[in-house]
Amino acid sequence: MAELLLEILCEEIPARMQARAADDLARLVGEALKTSGLAVEGLQTFVTPRRLVLVVTGLPLAQPDTSEERRGPRRDASEQAIKGFLNSVGLSREQVEERDTGKGVFLFAVVQRQGRATRDVLAKLLPETLVKLPWPKSMRWGTGDFRWVRPIQSVLCLFDGEVVRFSLGPVASGQRTAGHRFHAPVAFPVADFADYRQKLREAHVMLSAGERRDFIEAQARFAAAQRRLTLIEDAELLDEIAGLVEWPVVLRGAIDPSFMDLPPEVLRAAMRNHQRYLALADQSGVMAPAFIVVANLEAKDQGRAIVAGNERVLRARLADARFFWDLDRKQSLASRAPKLRDIVFHARLGTLDAKVDRIEALAADLAKVVTGADREKVQVAARLAKADLVTGMVGEFPELQGVMGSYYARHGGEPDDVVRAITEHYSPKGPGDRCPTAPVSVVIALADKIDTLVGFFAIGETPTGSKDPFALRRAAQGVIRLILENGLRLSLKQVFAQAARLYTNGPSAKAGKLDADELLAFIADRLKVHLREQGVRHDLISAVFGRGGEDDLVRLMARVEALRRFLAGDDGTNLLTAYRRAGNIVRIEAKKDGRAYDGPADPARFRAPEEKALHEALLAVQKTGADALAAEKFTAAMAALAQLRRPIDAFFDKVTVNAPEPELRANRLKLLAQIRGALDGVADFSQIEG
Amino acid sequence: MANATVPTFQDLILTLQAYWARQGCVVLQPYDVEMGAGTFHPATTLRALGPEPWNAAFVQPSRRPADGRYGENPNRLQHYYQFQVILKPSPGDILERYFGSLKAIGIDAANHDIRLVEDDWESPTLGAWGLGWEVWCDGMEVTQFTYFQQVGGIDCNPVSGEITYGLERLAMYVQGVENVYDLDWNGQGVRYGDVFLRGEREFSAYNFEHADTAMLLRHFADAEAQCRALIERGLALPAYDHCIKASHAFNLLDARGVISVTERAAYIARVRALAKASCEAWLQAKAR
């Protein structure tokens, strides 16, 4: 058993590509080893900004020997055929045996293959596998044609302590690596992984990304605590920073207090986006005039120059932000709206200005179903929702869209509902994001998302597989949450039709034709995903969707919930059993007879009192069930169904369905089929599992 | 930082020139046509194509009409200097050479956090792209570093390494100055503002308010026509000059706000077509 160590040292790998590359490397090499018959005990990958590392433990020194039996032609086949077979297996006529297979006597050969030395296998397998590593973007360098994410500087590859010789593009493998770019640039040899890891640490490289991240987080908390501050959580940023440094050194800098009156979102954006600084808060949770910067260097001056430099850069950025903050507030948000004419929403869907017109019209309709949505405020919010996209601040920090609009709207004296709606209309931005509940926010958020969905579906720009460039899944999820969490009663199909009309009738008549059913099916799919995440049984969803035609999500959920409760009790489970029994009998007999048993049973042909009783119960249930459904009393509808249980049980107890008289039999089968019909009015019980 | 070892603005240029000359670069003078970036210099664009080795370094004044701020913004200029280095083929130790240049101008890697942060470069007008980084020094972007993959829509083979220093920014950093106009130009009392402040004011007024748009539209069309005519005659270098002129006319029109969103893409495509044709003519003429 031996260890394989592979390191590809290259120029700086973009942080966003690192984790994926390490995963891909583990997967590709793991698969290749398996295909080559090489079992392993452990396989691990590591990634830093400059190196991609693989360690495999417990590899055998050689592939296992294999033997394979191959059947050849018949014994009496032509000489040419036999010769061809012997050649293909590399054996002589005496070395193959004859065997009677029952279908004749055939030649059989046992081909022995000796396993190759693992080192030789690796020398071929590794370069072949490495070139398959799917970098999002790769490049050539120097005079070669080889592609990698950035130029490769060295390849270290040891198996059982000795170099595995191969070339990766222009670079030949060896047993040396180099440490931190500035602390330890001189190459050194390593013996195995333990030695490698140890020497790298001495050479100022922390190999594990997780360790770097944890180290940064702990040091940042410590540096914050020294000033009685706390670290503002930002897991995503911590991960990114861990991908920017091989030797993290956490330093604390100060923010010029004169900038602390800028909105905290602006401070965060300036610090986070451009500079990747971690933000700190004081004990009351207010942003503190200090930041954490993670350097990749243990500076001789303890980081004084680094902190001073970073403070200066931040000062310049915040001075820019202050400039935009002051400038933007000199002009009212409303007066900026015409500039939205210059921003294209999508080449085939017109400008943002036109989108705002559509949002305004659609919002006016939606306001009718959202309790407490003041129509005037809805209109103002619709006009202003996108206006901050043409402010200087959002131009500089696009992620502040909505947030800046709210600040500027408040500055302009707009009412609170409008101010809130401008920020909130982008929400919910994901499963973890808060869903708006304020009426005006809900209306604008819904109008914006539905307009987007309808527009892109109308021009056929729908998500496929992992590709969803316009974030339509997120928009659909947003629509679902806005409707369900606020209990909004609306027919989605009607709203879609109205939104589609606004595209075709409005000034930006560019869209194609919307297939509302396609969009509704897309929403249904997202709803299933959404509910599954919340632990709702997917078969119940299918049972309610299975009926088709439902486009009121609140009503749909009420059905699902009623069904869930019904099936949780004895009445439900017993009825389900009866439903299946009836369904199975009808299906089997119908198949046997090659005919369907639909249409009502004829009461004149009933003989047993149980038939009559079941029939009457069915009629009664259909009536009360339909009434309850119409009144949206789904629990009552289920309770009505429960009335069927006793007559069905009695029917199965006393009545022989397959009566000798054909007409009697047909009538009884029809009666059974009616059970299914009665239940299907409520839900498609055939979808229910368990 | 009134420190004797702090380089002046012109020291910085002289030091970089001397450093890259020692690295085997041909030191050129600025190209005499207005352009948006050093990459447009034919010593970069055209020389990045074809098989011949080429190493050059030069200062190139860069004109970005829309970035003018009438001399009132401490960081933004409509005219600034880039120091451009092109090494073809890109040598294996190109980064070490670059770090050497930082050391030469007084940025000591033992005390400063120098980082390579992903930044893929693309020039839609030149039909060019490459991968590389922006180089950060203590959080400040001081250099753009690119391995050219394509120029004029043509694959670069061998690949050139392009190093572009923003001289004003770098100087502000090493001098510890927060306003570009305060940069010490020569150590003898002349500041950056003495040389360029008036120009920033006047050119901002020209770029945003007074540039004759009808004339610029004519210039664009004339440059485009001339470029095409010269390509017909296989005169790649003068043709390419007119491509640069068209590009600058477009930048001025853009700053004047007379180009709509949809037109914008079309203008960029027209310049790109000229750049591609010029690059093709450059390679063809050499082949003959």
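Chain B is divided into domain 1 (9–206) and domain 2 (212–287), and everything described here comes from a predicted model. Taken over C-alpha atoms, the centres of domain 1 of chain B and domain 2 of chain B are separated by 24 Å. Each of the two domains brings residues to their contact: 24 residues come from domain 1 of chain B and 24 residues from domain 2 of chain B.

On the domain 1 side, L46(B), T125(B) and Y206(B) supply 29% of the area buried against domain 2 of chain B, more than any other three residues. Sorted by class, the side of domain 1 of chain B that touches domain 2 of chain B has 14 nonpolar, six polar and four charged residues.

Chain B contains eight helices and nine strands. Its radius of gyration is 19 Å, close to the 19 Å that the globule rule gives for 288 residues, so chain B is as compact as a globular protein of that length. Along the principal axes, the C-alpha atoms of chain B fill a box of roughly 55 × 45 × 30 Å.

Chain A has 25 helices and 18 strands. Here the radius of gyration is 35 Å, whereas a compact globule of 690 residues would have one near 26 Å. The C-alpha trace of chain A spans about 100 × 100 × 50 Å along its principal axes. The chain is divided into domain 1 (2–62 + 117–202), domain 2 (69–113), domain 3 (228–328), domain 4 (337–535) and domain 5 (564–687). The C-alpha centres of domain 1 of chain A and domain 4 of chain A lie 47 Å apart.

**Where the chains meet**

How many residues does each chain put into the contact? Chain A gives 44 residues and chain B gives 39 residues. The area buried between chain A and chain B is about 3400 Å², and carbon and sulfur atoms give 50% of it. In chain A, the residues that lose the most area to chain B are R140(A), F182(A) and R312(A), together 19% of what that side buries.

Between chain A and chain B the count is five salt bridges. One salt bridge joins the side chains of D120(B) and K137(A) (3.0 Å, N to O). The count of residue pairs in polar contact between chain A and chain B is 19 (both at pLDDT 80 or more). Among the elements of chain A, α1 (15–35), β16 (287–295) and α8 (304–328) each supply at least two residues of the side that touches chain B. Helix α8(A) gives the most to that side, with nine residues. By class, the side of chain A that touches chain B has 18 nonpolar, eight polar and 18 charged residues.

Here are the two interfaces set out together:

| Interface | Buried area | Share from carbon and sulfur atoms |
|---|---|---|
| chain A and chain B | about 3400 Å² | 50% |

**Local details worth a look**

Over all chains, a search of the whole structure finds 65 salt bridges. In one of them, E246(A) pairs with R51(A), the closest N and O atoms being 2.8 Å apart. This pair links distant parts of the chain, 195 residues apart: E246(A) is in the loop between α6 (235–242) and β14 (249–254) of chain A, and R51(A) is in strand β3 (residues 51–59) of chain A.

For anyone checking backbone geometry, there are some cis peptide bonds to view. The bond from S427(A) to P428(A) is cis, with omega near -10°, and P428(A) is found in the loop between α14 (416–424) and α15 (439–458) of chain A. In chain B, the peptide bond from N157(B) to P158(B) is cis, with omega near 5°. P158(B) is found in the loop between β8 (154–155) and β9 (161–166) of chain B.

Which residue other than glycine has a positive phi near 65°? That is H204(A), found in the loop between α4 (193–202) and α5 (209–225) of chain A.

Conventions. Residues numbered from 1 in each chain as written. Chains lettered and ligands numbered in written order. Predicted model: local features only at pLDDT ≥ 70, side-chain atom pairs only at ≥ 80, totals over all residues. Heavy atoms only, no water. Domains from an automatic or database assignment. Contact = heavy atoms within 4.5 Å. Buried area = accessible area lost by both parts, 1.4 Å probe. Salt bridge = Lys/Arg side-chain N within 4 Å of Asp/Glu carboxyl O. Polar contact = N/O pair within 3.5 Å; in protein donor to acceptor, adjacent residues only side chain to side chain. Helix = DSSP H or I, 4+ residues; strand = E, 2+ residues; numbered from the N terminus. Nonpolar A, V, L, I, M, F, W, Y, C, P; charged D, E, K, R; others polar. Rg over C-alpha atoms; globule rule 2.2 N^0.38 Å.
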